[in-house]
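Please open the structure in your viewer and keep the selection panel at hand. The tour below goes from one selection to the next and says what is there.

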Protein chains: 4
Amino acid sequence: MIIVMRQGAPDEEIQGVVATIEELGYRAHLSKGEERTIIGVIGDERPLAVQPLEMLAGVERVVPILQPFKLASRDFRPQNTVFSLNGVTVGGDQLVIMAGPCAVESREQLLEIAAAVKEAGATVLRGGAFKPRTSPYSFQGLGVRGLELLAEAREKTGLLIVTEVISPTDVALVGEYADILQIGARNMQNFSLLQEAGRSGHPVLLKRGMMSTLQELLMSAEYILANSNYRVILCERGIRTFETATRNTLDINAIPVLKKLTHLPVIVDPSHATGKWEYVGAVSKAAVAAGADGLIVEVHTHPEKAFSDGAQSLKPGVFNQLVADVRRVAEAVGRTL
Amino acid sequence: MIIVMRQGAPDEEIQGVVATIEELGYRAHLSKGEERTIIGVIGDERPLAVQPLEMLAGVERVVPILQPFKLASRDFRPQNTVFSLNGVTVGGDQLVIMAGPCAVESREQLLEIAAAVKEAGATVLRGGAFKPRTSPYSFQGLGVRGLELLAEAREKTGLLIVTEVISPTDVALVGEYADILQIGARNMQNFSLLQEAGRSGHPVLLKRGMMSTLQELLMSAEYILANSNYRVILCERGIRTFETATRNTLDINAIPVLKKLTHLPVIVDPSHATGKWEYVGAVSKAAVAAGADGLIVEVHTHPEKAFSDGAQSLKPGVFNQLVADVRRVAEAVGRTL
Amino acid sequence: MIIVMRQGAPDEEIQGVVATIEELGYRAHLSKGEERTIIGVIGDERPLAVQPLEMLAGVERVVPILQPFKLASRDFRPQNTVFSLNGVTVGGDQLVIMAGPCAVESREQLLEIAAAVKEAGATVLRGGAFKPRTSPYSFQGLGVRGLELLAEAREKTGLLIVTEVISPTDVALVGEYADILQIGARNMQNFSLLQEAGRSGHPVLLKRGMMSTLQELLMSAEYILANSNYRVILCERGIRTFETATRNTLDINAIPVLKKLTHLPVIVDPSHATGKWEYVGAVSKAAVAAGADGLIVEVHTHPEKAFSDGAQSLKPGVFNQLVADVRRVAEAVGRTL
Amino acid sequence: MIIVMRQGAPDEEIQGVVATIEELGYRAHLSKGEERTIIGVIGDERPLAVQPLEMLAGVERVVPILQPFKLASRDFRPQNTVFSLNGVTVGGDQLVIMAGPCAVESREQLLEIAAAVKEAGATVLRGGAFKPRTSPYSFQGLGVRGLELLAEAREKTGLLIVTEVISPTDVALVGEYADILQIGARNMQNFSLLQEAGRSGHPVLLKRGMMSTLQELLMSAEYILANSNYRVILCERGIRTFETATRNTLDINAIPVLKKLTHLPVIVDPSHATGKWEYVGAVSKAAVAAGADGLIVEVHTHPEKAFSDGAQSLKPGVFNQLVADVRRVAEAVGRTL
């Protein structure tokens with residue numbers, strides 16, 4: 001951590017800052033420039049983040065040097081995190097394809113879609129039983145009945161199940177049915193939920209908030225890792241910007257940046273990132289070309305009748321084509337599918 | 001709702017859309033332009049929001065006409081919502097000033113600050129017992145002990161208490177101690193929490209998410225109103241933009257926009273909106289000049305030792321001055337304080 | 001265009017709007033819903049964009065139906081625009097690779113880099129002679145001397161030249177040396193410059209402003225097309241968002257969106273889009289996978305000594321690898337390089 | 001400037017960076033922390049901004065310590081810049097009110113509006129003769145004829161004239177007629193124009209770009225100041241964000257931030273900042289309460305017939321009320337009008 005003093009800060013203010021740093025158990029390192037004095041703080045600066053050092057007399061600015069996350073960083077664990085779930089490997093050379101409806105709507109709908117995505121090459125079935133909806137008047141999900149249907153679909157197809165949990169009190173329940181707990185973009189900083197998901201020991205798919213920085217995403221992952229739960233998959237799903245031609249803006253840069261900063265696997269949700277089914281194929285190929293470890297795609301057999309997100313859902317035939325296209329791109333970048 | 005057909009959409013596609021609209025219980029109204037046919041949907045369009053009409057053959061775009069919220073709108077209730085809590089009126093001519101520390105840290109700290117803000121003119125004491133923190137390594141709040149201290153401060157000063165609730169399971173508990181439940185920016189779309197706060201019947205201070213549009217803020221308020229709980233205070237606390245000179249960007253436009261769209265009272269949090277104590281005074285005056293119904297300000301007797309948000313907390317003397325300054329501006333716009 | 005009337009707007013206001021529309025030479029089409037009356041305007045709405053119809057009594061909102069650009073749209077020209085420059089085809093199956101230094105710094109520097117990018121497979125040499133710089137104290141380019149060096153590099157290597165023009169008065173001059181005029185992001189809405197570049201008849205590389213929507217980019221292209229200059233190449237180079245881990249956020253969605261809306265070729269600048277050389281490879285592959293028609297990449301033989309943008313410039317060896325990697329992705333999506 | 005080395009950077013890399021710094025004429029100051037070595041650069045770091053020090057072996061990150069602008073900073077000139085133009089003082093206790101139509105449309109229109117704003121209390125008349133328009137099909141301004149009309153309005157009313165210049169070649173021409181040259185938001189980084197306006201010696205009203213940081217605004221001002229032209233007025237006119245309820249988001253924080261960083265006067269454009277006339281009053285009062293030195297407001301006698309920006313223009317009666325309201329707020333914060 002670097003503390004920049006105001007121009008012309010008198011000696012007693014500089015000494016005051018040094019004294020405070022030393023009281024807190026750190027060493028201070030002074031460097032007098034032509035216009036400003038700066039003070040380096042020697043020691044693990046992370047616990048210092050809570051100290052309002054900007055408030056000390058004479059301080060102009062505090063500049064952190066280290067990333068605030070630790071367990072999620074490549075400094076801590078240089079190799080990629082790779083783990084297997086029932087024969088599906090996440091984070092390895094082979095991409096993981098998750099697909100399915102936005103919401104579980106009925107037994108018939110789910111089983112039909114599950115069979116279709118399985119045939120196209122997906123290995124994980126997505127589908128929401130508890131739905132976070134902007135409007136109180138929208139369909140809120142089938143709840144437990146939805147979880148039971150997901151379990152039935154797993155039995156019938158062998159697909160793994162990923163489904164969202166929206167409340168800390170539901171973590172145990174959802175964990176009974178799901179192979180991977182999804183924490184949605186709107187809950188990325190729901191810290192009670194992160195804690196509970198961390199404690200549960202279940203693998204977690206953590207989606208980036210639509211206006212969260214990558215550093216914040218990694219801090220949220222840190223909540224789960226700090227509970228000794230290392231099976232975390234990060235998901236870039238588009239951020240909110242001024243552009244209105246698409247629902248969100250897929251931050252494709254996020255893939256190489258995350259790959260540099262963290263050892264955790266990174267997948268992409270091209271459906272929410274665009275909001276329109278016709279753009280899903282192009283950005284899916286882009287995500288894999290940029291180094292993503294997988295995709296999570298919304299597929300529906302009758303999108304025109306979907307209870308939610310119909311406009312961004314692919315019909316099975318289109319999804320089939322997408323998987324074939326993505327496979328060629330995957331091979332071009334040395335991955336398999 | 002308006003449905004815009006693609007250029008050159010054939011008659012059978014147009015008829016298909018009309019048929020679907022009629023099946024759903026609406027009337028369709030055709031208008032053939034030179035380049036596009038548009039179809040007006042006659043009837044309450046809000047339930048239609050869940051229908052992916054964009055997926056019907058030939059549809060280019062769907063344009064909603066009505067705001068998606070109802071109970072929160074001025075269409076529904078033209079007069080301002082005004083309510084009293086133990087002698088403090090919210091939404092009336094008199095501004096409400098809420099102030100206090102970011103977090104409850106100790107008995108001594110809280111009682112000292114409570115006495116100071118009371119003397120300066122505040123009528124509501126703020127202070128977090130449960131803290132949502134970006135980092136798992138930061139201070140997470142005193143929990144129940146913090147609530148007890150808040151209750152003690154109320155007894156001693158007569159101030160009302162507003163404090164944050166971060167989990168639906170804590171609503172009942174926090175409701176036992178607080179006069180107003182605060183739902184923080186990161187939880188604005190934590191729908192389980194909104195439902196529970198709505199059902200509790202307690203007054204709710206709902207902060208705008210840093211990534212949320214005003215329409216989304218009003219949809220979140222709708223979750224509470226839909227539970228017959230009409231004592232909702234909206235709070236603009238800054239949004240996230242590209243500007244890095246301040247922690248957030250106070251959306252001052254939001255005040256007249258909200259005043260036009262909704263009957264609910266609107267207050268401003270200048271502390272989070274700027275992130276630096278030295279800017280808090282200027283934007284507090286701006287907020288009141290723009291028509292805000294009150295302020296919620298972070299005050300600390302020893303900001304340089306605060307466990308969180310020290311850099312944006314005012315010392316009591318500065319807060320005292322702020323209240324005096326704001327009072328003059330309030331009078332200039334026909335309000336009192 | 002659709003005009004939405006306020007709730008309860010009286011008949012005389014509705015008739016007033018209808019009368020105005022008819023005076024302006026359009027037909028009006030009334031549709032009375034349960035809560036609002038809407039009025040459809042029949043006729044080419046584009047000239048109406050300048051009319052403040054929102055100001056007419058009783059009007060709540062005006063909703064445009066058509067895109068405001070015409071010549072740039074696929075409605076106007078369904079097939080892709082493809083054109084050849086000295087044997088280099090832009091917009092066809094083969095990708096165009098533009099590469100070179102940010103700025104022309106010296107004869108030696110430019111010729112060395114030109115030879116290197118030619119060998120790696122580029123067909124167009126980039127390099128700025130006139131530099132728009134945020135700071136008045138930064139290197140502002142070699143000016144005419146830089147143009148002469150670019151011409152010499154073309155003679156020596158056979159590469160085409162693309163270079164930026166920053167003032168309408170320089171268009172003729174730069175056009176004498178360059179094969180393609182570049183209009184930079186900061187000048188995307190410098191309308192005098194767009195007009196002049198349009199009139200010049202030279203091919204134009206138009207970069208998206210960092211703050212501009214895709215609709216605005218296409219409106220700026222329209223300025224050039226409206227001067228009967230159809231050789232326009234659009235360039236996505238990253239937009240400004242709240243994320244600070246990269247210099248800009250590459251809007252990868254923009255590629256399929258532009259491909260849907262316009263017939264013009266679209267290339268990507270991965271160097272400005274990321275700001276760090278280590279991320280350039282990943283997003284170059286992504287851009288091509290998403291359907292871009294080419295890339296423009298900053299390459300420098302001694303980036304640690306570059307006068308500008310050194311941190312985002314590739315060394316020739318890395319660029320060589322990038323071209324090889326991109327070629328494989330191009331083939332995977334049915335393109336060549 | 002601080003250079004942060006990568007974790008575990010070997011001694012020869014650290015020595016390499018030190019050697020480079022010393023070659024460039026600076027002193028280096030080493031500080032070895034537990035996880036990283038940091039190197040302080042002693043000397044005026046501004047010229048170093050052009051050096052890609054990030055590219056040196058072993059460097060993780062470069063952190064500037066000083067603001068990159070100098071002449072515009074309070075460090076350079078602690079007192080407020082105040083100047084008088086024909087009896088109108090800018091930057092002093094008295095606020096300056098600029099008002100008028102978006103564009104000069106006709107003699108009758110301009111003279112009528114000029115008389116109205118004069119009567120309401122404005123001292124400067126705004127009105128565009130050269131209009132930067134997003135669409136090539138929109139009204140582009142009356143050009144020289146518009147300038148002549150502005151001069152006539154000045155003669156008739158005694159109001160000063162502020163009008164936009166959009167091309168460096170027009171600076172001399174516009175300077176013949178205008179008292180203050182306006183550089184618009186889209187041209188904030190049109191550096192040729194900034195240079196030319198700087199050289200002209202005319203007072204300049206510099207509007208913030210809609211997606212420019214405050215630091216960039218001050219760098220653009222620096223272009224003018226570096227030409228020894230110190231009569232620069234900054235104008236906050238709203239930035240582009242994700243919120244769509246208003247045309248732009250007025251960054252009210254910008255006022256105290258600019259007041260801290262720079263000695264230049266700061267005014268606010270509430271018309272572009274909101275885009276809707278009904279919100280202009282509220283944010284005008286807010287701007288003055290926050291410490292703005294003036295306002296520039298769009299006024300039109302027949303906004304429903306305006307050639308541009310009709311929806312955000314006030315009718316004279318409403319403007320009259322606004323001036324009265326703003327006067328009360330000004331007095332409440334110790335200013336006059």
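Begin by selecting β2(C) and strand β3 (residues 37-42) of chain C, which pair in the antiparallel sense over six bridges; strands here are DSSP runs of E with at least two residues, helices are runs of H or I with at least four residues, both numbered from the N terminus, and two strands pair if DSSP finds at least two bridges between them. Strands of a sheet pair through backbone hydrogen bonds, either parallel or antiparallel. Within this pair, pick C:R27 and look across to its bridge partner in β3(C), which is C:I42.

This is a predicted model, in which local features need pLDDT of at least 70 and side-chain atom pairs count only at pLDDT 80 or more, while totals for chains, interfaces and linings use all residues. Residues are numbered from 1 along each chain as its sequence is written, and chains are lettered from A and ligands numbered from 1 in the order in which they are written.

Now widen the selection to the open sheet of chain C, where four strands stand in the order β2-β3-β1-β4 with antiparallel pairing. Its edge strands, each pairing on one side only, are β2 (27-32) and β4 (59-63) of chain C. Direction ignored, neighbouring strands of this sheet are turned by 20 degrees against each other on average, where axes are lines fitted to C-alpha atoms, for helices over the stretch in contact, and angles run from 0 to 180 degrees between N-to-C directions.

Then show chain A beside chain C: 32 residues of chain C are in contact with 33 residues of chain A, contact meaning that the C-beta atoms of two residues, placed from the backbone, lie within 7 Å. Which element of chain C gives the most to the side that touches chain A? Select α9(C), which gives six residues.

Finally, show chain D with chain A. Chain D can be laid on chain A with an RMSD of 0.0 Å by a turn of 180 degrees and a shift of 0.0 Å along the axis, copies being superposed by least squares on the C-alpha atoms of residues with pLDDT of at least 70 in both. The two copies are therefore related as by a two-fold rotation axis. To find this axis, select D:F242, whose C-alpha comes closest to it among the residues of chain D, at 2.3 Å.
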